[in-house]
Amino acid sequence: MSQFDLLSRRQALCQFGGGFGGLALGSLLGNSATAAPRHSSAAPHYEPSAKAVIQLYMHGGPSHVDLLDPKPVLNRFDGKTPPAYVADDESLTKNLKGSPFRFNQCGESGLEFSEIQPFVSQHADEIAVIRSMFTEHRNHEQAIWMAQTGLTTAGRPTLGAWTAYGIGTENRNLPAFVALPDPNGPSVDGVRNWSSGWLPPRYQGTVFREQGSPVLNLQPKQPRPRAIEDARAKLLRQLNERHLAGRPGELELEARIETFELAGRMQLAATDALDLSQETKETQQLYGLDNATTKSYGTRCLMARRLVERGVRFVSLFMSGQPWDTHSNNNAGTKKCCQRTDKPVGALLADLKRRGLLDSTLVLWGGEFGRTPAAQGGNSAATSGRDHHPYGFSVWLAGGGIKGGQHYGATDDFGYRAVEKRTQTANLHATILQLLGLDYQLLSWPHNGREERLTDVYEAKVIEELIA
Amino acid sequence: MKIVFGRFSFSPILVGMLAAALLPVGANAQDKKGELTFEKDILPIIRAKCIRCHAGVDPKAGLNLTSPSSLLTGGNSGAALRIRAAESSLLYEKVSSDKMPPVGQKLTAEEKGLIRKWINDGAKGVGNAATIDRSEDVTGVDHWSFRSPVRPTVPVVRQSHRVDNPIDAFVLKRLEEQSLTLAPNAERLTLLRRASFDLIGLPPSPEEIEQFLADDRPGANARMIDRLLASPRYGERWARHWLDVAGFTESAGILNQDLRLPLAWRYRDYVIRAFNSDKPYDRFLQEQIAGDELTGYWDAFETAEQLPDEVVEGIVATGYLRTAADPSRPDFKGIKNAAGQYYFPTLFDTLQIVCSSTMGLAVQCARCHSHKFDPIPQVDYYSMQAVFMTAYRPDNWIPQMNRRLPIASKHQKDAATKRNAEVDANVKRQKAELAALKKTFTDRLFEDRLAELPEGIRENVKAALNTKKSTRTDAQKQLAAKFEKQLRPQAKKLDAALAKNADYKKGANDLNAAIAAEERRRLKFDEVRALYDQAGEAKTHVLLRGDSLTPGPPVKPGVISSLETPQPFEWIAPDDKAKTSGRRLAFARWLTQPQHPLTARVMVNRIWMHHFGTGIVATPDDFGVAGSPPSHPQLLDWLATEFVRSGWSIKHMHRLILTSATWRQRSRVDTQHRAACVPIDPDNRLLWRQTIRRLEAEPLRDTLLAASASLSHPMYGASQSVARQKNGEVLVAAGKNQNRRSIYVMVLRLTPETMLQVFDQPTISVNCTQRSTSTVSTQALALLNSDVMTRAAAAFADRVLTEQPNDPVGRAVLTAFSRPATSSERELLSQFFNEQQSRYLELQDEAARQKAEVIAAARSKAIADLCHMLMSANEFVYVD
């Protein structure tokens with residue numbers, strides 16, 4: 001193989017997207033000593049503590065004061081007018097609304113969780129809660145873009161896409177970034193939740209489905225008999241080989257031929273990865289697959305574990321719509337969300353742990369913002385809600401090198417504004433990248449005439465206190 | 001049911017309450033207590049607690065807190081406050097967390113509350129920031145693309161026999177410098193297929209292939225190119241390229257339900273018409289940027305009987321300035337900082353679209369600070385924003401769905417108002433007559449049916465039914481229960497009973513017909529999603545760090561000052577009564593002057609890119625310092641000046657390029673040529689051959705439909721909607737025209753049609769200046785297994801079996817690859833066909849295999865498999 005061939009193959013690798021195709025193209029470089037197959041676009045900058053991420057994205061903005069950030073003062077002033085320094089600046093809420101939920105000190109660390117998370121709270125010692133998050137927009141989409149892509153503007157690559165770009169995949173037959181949407185319908189902002197933005201399309205999330213064929217078009221609607229299928233595949237191969245023979249050195253044609261081979265391998269790999277019947281009954285029950293309320297989210301959590309086990313780097317789980325958006329009936333709504341997700345998420349942490357995967361798998365939990373300490377839509381504790389709240393909210397991280405059993409930062413007495421160790425999204429992103437062995441300043445992509453980063457031009461800070 | 005949009009998700013009942021809650025609050029109780037001011041309320045706090053460090057000529061951290069405007073300018077850490085946003089203001093953050101003052105007494109809760117409220121109420125007395133990022137920092141003023149192109153002399157080359165037009169001379173010159181040469185001409189049918197895809201985005205039909213091969217007179221190629229350029233399919237192909245850079249979509253861009261823009265298609269049609277009629281490019285840009293001002297929309301509106309076609313075309317063209325994501329709704333008025341959070345971003349995106357599509361510059365960098373690479377100071381960015389400010393007006397925003405113009409003059413609108421008032425009055429009167437008629441006959445029905453009752457109870461029944469329900473006696477209740485339904489039937493039963501009465505029926509029918517006739521007299525007008533100026537003063541400020549909450553000094557409309565343009569930007573403020581400011585027209589004239597350094601270069605580069613795969617400047621959206629340098633600078637300038645000289649004719653440029661030896665080169669080159677060229681120019685930047693190119697998403701889908709003879713060609717009008725299937729796939733909604741060309745398939749930001757998306761149709765956030773070509777296995781899966789492909793293959797098979805029952809294999813290859821099958825290929829395919837047919841038969845039992853219809857079915861399936869593999873093959877998907 002001449003020096004030129006190597007060069008242009010590498011260039012083709014960069015130039016033409018590839019998803020699996022791109023990876024497969026990497027494998028075309030074969031065992032040549034000068035060109036070891038590289039499945040990732042960039043080598044990690046540091047020794048990573050996390051090999052994979054499972055992102056539990058909580059659309060709508062979960063209520064931090066009802067879940068992770070206990071506020072006794074808020075409870076004491078329930079029903080009262082807020083003091084000037086936490087008065088709603090948009091006049092959409094009125095009186096303060098205490099949380100009806102009891103907070104318990106959990107684990108040896110005594111990290112506090114409200115009573116509606118009985119399963120997740122069992123892993124308190126693995127979890128680090130950031131209580132001092134704030135964001136820059138109070139509308140869902142812009143805040144989602146901030147949480148997922150680093151800025152409140154549309155069209156940028158998501159955290160998952162940056163991860164796929166940064167560390168590639170471990171499994172040639174599965175994509176690096178998998179999105180698991182809710183079969184009941186799209187989440188707010190739909191396909192943009194796993195977009196690669198202006199990164200090449202091969203870094204976008206591939207949707208795996210929990211019902212029916214795991215990947216769209218993995219099988220034809222009408223199954224074809226084996227002999228028929230084989231003959232078709234053989235013909236296609238022959239046609240493409242004849243075509244390529246007249247066009248030697250056309251790397252893109254070679255890569256496309258390889259995508260057909262890979263499609264075949266993926267049929268097996270994806271089908272196998274998502275065959276939950278291989279799991280024991282105990283495991284299925286652990287995730288709540290035997291219960292109508294927990295089955296859907298539990299299925300996706302179990303799928304996530306199986307995918308991470310097989311080398312998928314980033315798995316994002318979504319729920320239809322934005323269930324945490326509790327403008328009315330906040331108490332019941334928040335509780336209901338927990339009923340759907342708490343057991344599966346607890347099971348995921350337990351299962352990862354017992355399989356020895358938690359140390360290398362970073363689990364992220366959180367949404368785009370929190371909710372107001374004051375009530376929206378009347379003063380009835382039962383029916384009132386909470387509005388969007390960007391000034392202070394909580395997210396949590398576990399596994400993958402996180403120092404658990406701690407909370408980081410704090411909001412004021414009412415949970416209105418992050419006041420201690422205020423944490424901008426860029427700091428969270430920089431920390432996640434660091435755990436993956438990536439330097440947020442070095443991980444960049446040329447676009448619009450400059451090197452763009454996940455954290456854009458923010459002066460980000462890796463939160464060392466969170467890292468074990 | 002839950003209604004979910006954007007920020008709010010509520011039950012329908014709550015939506016009403018919510019709308020009420022979102023109305024502008026006006027003066028609320030707090031405001032009445034008196035507004036906080038800097039002098040009266042804030043300065044005393046600062047004097048007491050901050051002045052020791054943050055005052056004077058050399059304040060700590062560069063922050064002087066004693067002058068209101070310096071709060072916005074800020075210090076070393078940026079602005080100290082953002083107007084109406086205390087929560088993200090540094091001043092509030094530092095004092096509320098007691099980080100400041102570092103020593104001495106902290107602020108009291110009351111003082112913190114005052115500062116917060118003062119900021120959130122608008123920071124009265126703060127004014128504008130005093131200083132901005134000045135243009136001294138600007139670099140790169142000597143960059144080549146900021147200077148007007150000068151028409152170069154066509155170079156003399158050694159291999160003059162290969163020069164068919166000046167393009168070849170420029171290209172050969174560069175090749176010869178490296179001792180290289182052009183590849184030989186491609187074969188005729190390769191050229192036909194290449195030209196067809198380049199110009200119309202569809203393959204040649206078998207008939208067109210035959211005609212082309214039969215034309216052996218000189219100039220056959222030129223005639224073929226002329227035929228393609230004259231085809232209405234040409235505009236459908238090239239409009240798509242422009243719609244990419246214009247960022248055209250048919251949804252608003254943010255709301256959860258991907259809110260549709262029902263009028264957007266008119267702009268798409270305008271672009272198709274413009275390409276088909278070879279509208280001069282300067283005019284094309286002028287119309288899109290200032291069509292209303294250029295064609296005198298307001299004059300025509302005020303004085304003409306009806307709007308002339310040219311004026312309608314002009315306002316439709318301004319749809320170009322309406323493609324930026326705009327989620328605004330009427331109820332946003334109550335949202336805090338709606339301008340900063342929603343309206344300004346639309347304006348930012350618009351400027352980005354205008355500048356990247358027409359000038360190939362990434363001006364958005366200068367939104368927050370002077371451009372790091374290009375000579376674009378921040379003040380120039382906002383001067384250009386001022387051009388569009390009179391129309392967009394974040395301080396007086398028109399929600400996106402209301403920002404539209406009727407296709408009507410004032411005269412027509414007035415006539416319509418008058419006519420429709422008449423119609424309203426007449427219909428009201430007629431409906432009253434109808435109600436009266438109904439009452440008469442209902443009463444009569446009552447009396448008639450009452451008369452049927454035994455005489456003894458008639459009066460009692462009548463009295464009972466005429467008594468209010470709540471005051472009826474028990475006896476009356478009984479009577480009512482028994483007879484009310486009969487005597488006073490409700491709704492449908494009443495109508496049925498009345499219908500039996502011929503007199504009523506005739507009377508009612510006559511009246512209903514009269515109402516319908518009256519309604520038909522109502523005058524309505526089609527509407528256009530346009531951009532137009534609003535009355536009143538439009539102020540534009542430099543925004544510090546691009547943040548509308550930290551406004552800097554005001555600016556006047558202007559352009560990028562460092563661009564060398566013989567004609568400066570000329571704009572004179574019109575008098576107060578003018579309906580439109582003329583700013584956009586002045587900008588469009590400046591932009592389209594013949595010697596503008598960028599306008600012609602950027603467009604010819606785009607045209608070139610779509611004929612060769614890569615532009616002469618490989619970064620079509622960045623002609624700036626950080627962009628890639630042109631591979632053939634002289635050729636670029638020659639083409640740019642030729643473009644202007646031809647009257648900005650895009651079709652002229654196609655003809656030139658497609659009749660050049662450079663374009664006609666083979667992409668498949670022999671080993672010798674390859675070995676000579678690759679070491680010197682591995683990326684083919686010098687054009688020693690043509691580049692093999694994959695079909696883009698739309699031509700690919702269109703070609704699948706064309707091969708299966710199901711492509712339908714109704715031009716223009718509303719788009720074909722798409723629908724998400726249960727399995728997550730998004731398909732064109734089933735219906736009569738579902739197989740229209742892809743340019744008529746609705747482009748939604750969050751619901752992209754699956755086949756198009758898989759093959760890299762861009763997901764629009766702002767605009768797409770260059771598509772990426774991915775090679776991923778989801779494409780393989782879509783080709784092999786999607787239902788769309790399976791059906792297309794079956795239709796393709798039917799077609800070839802009908803067209804050439806004796807040689808379906810030959811016909812299939814000709815249709816799919818635009819060339820006759822070779823003999824070895826014919827052998828391979830025929831063998832597959834026969835064996836596959838046998839395999840299908842073997843799946844049947846012995847008896848069935850003998851039946852003619854079973855044999856025919858196996859034959860159809862086998863040829864469908866063959867067609868399916870041809871359509872999945874690389875030769876189908878790539879153009880040589």
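**Figure 1. Helix α11 of chain A and the glycine after it.** In this predicted model, α11(A) is followed by A:G356. The phi of A:G356 is positive, near 70 degrees. The helix itself covers residues 330-354 and has 25 residues. From its first C-alpha to its last, α11 of chain A reaches 35 Å. That is close to the 36 Å expected at 1.5 Å a residue. Even so, α11(A) has a kink of about 40 degrees at A:T341.

Figure 2. The domain assignment divides chain A into domain 1 (52-214 + 281-466) and domain 2 (217-273). Their centres, taken over C-alpha atoms, are separated by 39 Å. Eight residues from domain 1 of chain A and eight residues from domain 2 of chain A make the contact. On the domain 1 side, four of the residues that touch domain 2 are nonpolar, two are polar and two are charged.

**Figure 3. Where chain A meets chain B.** Here 77 residues of chain A are in contact with 76 residues of chain B. Several elements of chain A give two or more residues to this side: α1 (3-15), α2 (20-28), α5 (140-149), β6 (206-207), α7 (226-245) and α8 (251-273). Helix α7(A) gives the most, with 10 residues. By residue type, the side of chain A that touches chain B divides into 31 nonpolar, 30 polar and 16 charged.

**Figure 4. Chain B as a whole.** Chain B has 880 residues, and 47% of them are buried. Its secondary structure comes to 36 helices and 10 strands. Along its principal axes, the C-alpha trace spans about 115 × 100 × 60 Å. Among the contacts in chain B with a separation of 6 or more, 70% join residues 24 or more positions apart.

**Figure 5. The largest nonpolar core, around B:M871.** Nonpolar side chains tend to be buried together in soluble globular proteins. The largest nonpolar core in this model has 344 residues. Inside this core, B:C867 and B:M871 have the most contacts. The core also draws at least three residues from each of domain 1 and domain 2 of chain A. What does B:M871 touch, leaving aside its neighbours within four places in sequence? Its partners include the alanines B:A707, B:A792, B:A793 and B:A816. B:L704 and B:M789 are also in contact with B:M871.

Key
Residues numbered from 1 in each chain as written. Chains lettered and ligands numbered in written order. Predicted model: local features only at pLDDT ≥ 70, side-chain atom pairs only at ≥ 80, totals over all residues. Helix = DSSP H or I, 4+ residues; strand = E, 2+ residues; numbered from the N terminus. Buried ≥ 20, exposed ≤ 12 C-beta atoms within 10 Å, placed from the backbone. Contact = placed C-beta atoms within 7 Å. Expected span 1.5 Å × (residues − 1). Bend = angle between axes of the 7 residues up to and from the residue. Core = buried A, V, L, I, M, F, W, Y, C linked by C-beta atoms within 7 Å. Domains from an automatic or database assignment. Nonpolar A, V, L, I, M, F, W, Y, C, P; charged D, E, K, R; others polar.
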